[in-house]
Amino acid sequence: VRRRIGGFTAWLLATIWLIVVLAPIYYMVVASLRSPGAYFTADPWLPGGSGLSAYRTVFSAGLGSYFVHSVLVTTGCVVLTLVLSLAFAFRVARMKTRLPRVVFRFVVLGLAVPIQAIIVPLNVVVVKLGLYDTLTGLTLALTASTIAVSVLIMVNFVRDIPRDFIDAMTVDGGSEWSVFWHLILPLSRGVLVSVGIYAGLNAWNNFLLPLILTQSSSTLVLPLGLVKFQGLYGVDVPALMAAVLLSAVPLFLVYVVARRKVLAGLSGFVVR
Amino acid sequence: MSLQRTKAEAPAAGRGGPAPAAPRRPHRRARPGLLADLVGSTGVGLIYGVLILIPLLVAVALSFCNWNGLGSPAWIGLRNWTRFFHDPVALSALVTSLKIVGLSWIVQLPLGMALGLFAAGRQRYRAVYSTLFVVPLLMSTAGTSLMWQGLLDPNLGGLHWLAVKLHAGWLQQNWLGSPTITLYVLVFLITWQFIPFQMLLFQVGRRQIPNVLYEAASLDGSTGLHRFWHITLPQLAYTIVTSTMLIVVGSLTYFDVIYILTQGGPDNTTNVLALQMYQVAFSQYEYGYASVLAVVLGVLGVVVAFALMRITGFGAMSSQQEGIG
């Protein structure tokens with residue numbers, strides 16, 4: 001009996017938290033389907049409106065181009081992160097010189113440094129490089145902000161690949177390049193997906209770096225674009241809600257398709 | 001071993017081209033992997049060095065300078081630092097940051113642990129629930145901020161409607177504009193979004209505890225609470241430390257939601273160190289003084305991280321199973 005009461009309490013509390021989690025999202029969906037006028041007069045919690053006028057407003061306001069910018073930056077960030085960190089992890093695991101280890105020591109050191117602590121000089125450096133207000137500069141900075149964690153995950157993984165595999169290839173005369181291409185790369189597919197999702201989520205959702213590194217509408221990415229959109233259409237709550245929902249749709253889709261990988265990517269290096 | 005080495009190195013040396021320059025060859029043979037090491041390390045080294053390491057050093061240097069971003073910085077010694085210790089706004093921002101750290105810890109640690117233990121259970125409905133619990137973590141902080149703004153608007157928001165419908169007057173508050181409650185509202189909003197992270201952490205931690213321990217305990221006829229207190233909690237010690245570290249560092253540097261929703265107001269009651277630094281740098285263009293705040297923020301973060309790492313040791317997560325004889 002006691003066990004059953006415990007199980008019921010757990011269920012009850014979890015259900016309450018589930019409501020706390022889902023209610024705002026439900027509200028957002030329902031509100032986004034109303035016209036701006038109806039939002040002020042009808043109870044926004046009841047599903048009633050079914051107009052898509054809010055979504056039309058969003059697209060005519062140029063959110064589509066922010067979407068494209070976000071896709072570009074996120075793709076660039078993921079590709080860059082995967083290529084750089086896997087190549088580096090391979091060298092750390094197989095190094096012939098002390099160079100990779102020295103670089104690795106410095107990178108691990110950076111794990112503890114919060115990115116917020118360096119935004120002022122980061123802005124200065126990016127300006128000096130002539131990359132201020134460019135998607136390239138933003139992509140590089142976003143990649144840098146997650147590179148330490150990505151490298152750590154990748155190095156831990158590649159180091160655990162049994163030496164026998166590598167030795168077997170090199171005995172047969174395989175070059176470093178073919179070891180990388182035919183052994184390390186195929187074996188790393190799973191961890192690459194996780195790290196890619198980790199870097200991609202950060203690139204898609206990060207607010208602080210776009211805020212300090214971009215300003216014009218030709219470089220606006222979604223999180224910053226949403227806030228700007230709010231400044232212009234603040235009164236039109238349905239459109240605002242539609243914009244927020246649209247900006248989150250790609251990640252929701254990825255989550256539905258690859259839940260386990262996303263969870264692994266979300267938890268980063270801590271939960272492995 | 002020596003056979004393997006030469007075979008492995010031969011192609012690498014050959015890749016340098018057919019250049020038969022005799023004097024250079026011995027050198028190459030001595031460091032055959034140099035080229036590969038160089039290629040593999042350059043990307044990470046460059047991006048990390050230029051965009052993280054150099055800014056870090058520049059931040060420290062700038063904290064001793066006076067600079068508005070134009071011209072060249074002027075060295076002024078410790079003046080920015082003495083200013084910090086006499087700046088009531090910055091000091092109160094520091095206090096507010098620490099308050100958010102404390103409140104976040106008190107709320108997130110138990111809630112994260114409870115959700116994690118729940119999610120670690122084997123029933124099917126728990127898997128469904130925890131899948132949904134993660135959803136807020138997928139959204140951008142900008143997106144959730146705007147969502148809450150719509151929901152919490154005292155005149156038109158969803159909560160206002162709910163208050164009217166349920167005749168619950170207490171739901172009608174100036175949630176985002178009150179000097180007394182807004183800070184707590186922000187802590188709740190941050191918790192709402194980031195608690196799934198703690199949940200995942202504790203879910204993994206709980207699943208790493210060997211079932212033998214629980215089986216032995218139930219043979220002894222111990223109760224659920226007893227098992228939690230004497231098995232689960234001690235076994236989760238390292239998870240608790242890791243979770244604490246992430247909560248502390250995360251909430252110490254918290255910026256997005258506060259910047260978007262309150263800009264530090266009302267009456268500076270939600271002005272945190274990260275926000276203050278942002279304002280000093282990008283509204284007042286005092287890069288030198290902003291760097292002092294940045295260094296304070298960075299040092300606090302690093303100190304906490306290292307202190308807690310010391311307690312757990314670096315490979316804490318994997319050594320959790322030690323001690324089980």
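I will begin with the helices around the largest cavity. Four of them each give at least two residues to its lining: α10 (189–205), α12 (222–233) and α13 (237–257) of chain A, and α8 (141–152) of chain B. Please keep in mind that this is a predicted model.

The volume of that largest cavity is about 60 Å³. In total there are two cavities of 30 Å³ or more. From chain A, the lining of the largest one includes W204(A), N205(A), L222(A), P223(A), L226(A), V244(A), S247(A) and A248(A). What classes of residue make up the lining of the largest cavity? Seven are nonpolar, five are polar, and none is charged.

Next, a contact between helices of the two chains. Helix α6 (residues 119–128) of chain A and helix α15 (residues 273–282) of chain B have axes that come within 10 Å, crossing at roughly 35°. On the α6(A) side, the residues in contact are I119(A), V120(A) and N123(A). They meet M277(B), Y278(B), A281(B) and F282(B) of α15(B). The residues of this contact are six nonpolar and one polar, with no charged residue.

Now the charged pairs. Side chains of opposite charge can pair when their charged atoms come close. How many salt bridges does a search of the whole structure find? Over all chains, there are two.

One of them joins the side chains of R91(A) and D37(B), at 2.7 Å from N to O. This pair crosses between chains: R91(A) sits in helix α4 (residues 63–94) of chain A, and D37(B) in helix α3 (residues 34–62) of chain B.

R83(B) is partly exposed, with 34% relative accessibility. E286(B) is also partly exposed, with a relative accessible area of 24%.

That is what I have for today. Questions are welcome.

Methods: Residues numbered from 1 in each chain as written. Chains lettered and ligands numbered in written order. Predicted model: local features only at pLDDT ≥ 70, side-chain atom pairs only at ≥ 80, totals over all residues. Heavy atoms only, no water. 1 Å grid on protein atoms, 1.4 Å probe; cavity = no way out; pocket = protein on both sides within 12 Å on 5 of 7 lines; lining within 4 Å. Points joined across faces, edges and corners; volume = space filled by probe spheres on them. Helix = DSSP H or I, 4+ residues; strand = E, 2+ residues; numbered from the N terminus. Nonpolar A, V, L, I, M, F, W, Y, C, P; charged D, E, K, R; others polar. Axes fitted to C-alpha atoms, helices over the stretch in contact; angles between N-to-C directions. Contact = heavy atoms within 4.5 Å. Salt bridge = Lys/Arg side-chain N within 4 Å of Asp/Glu carboxyl O. Buried < 20%, exposed > 50% of the residue type's maximum accessible area, 1.4 Å probe, protein only.
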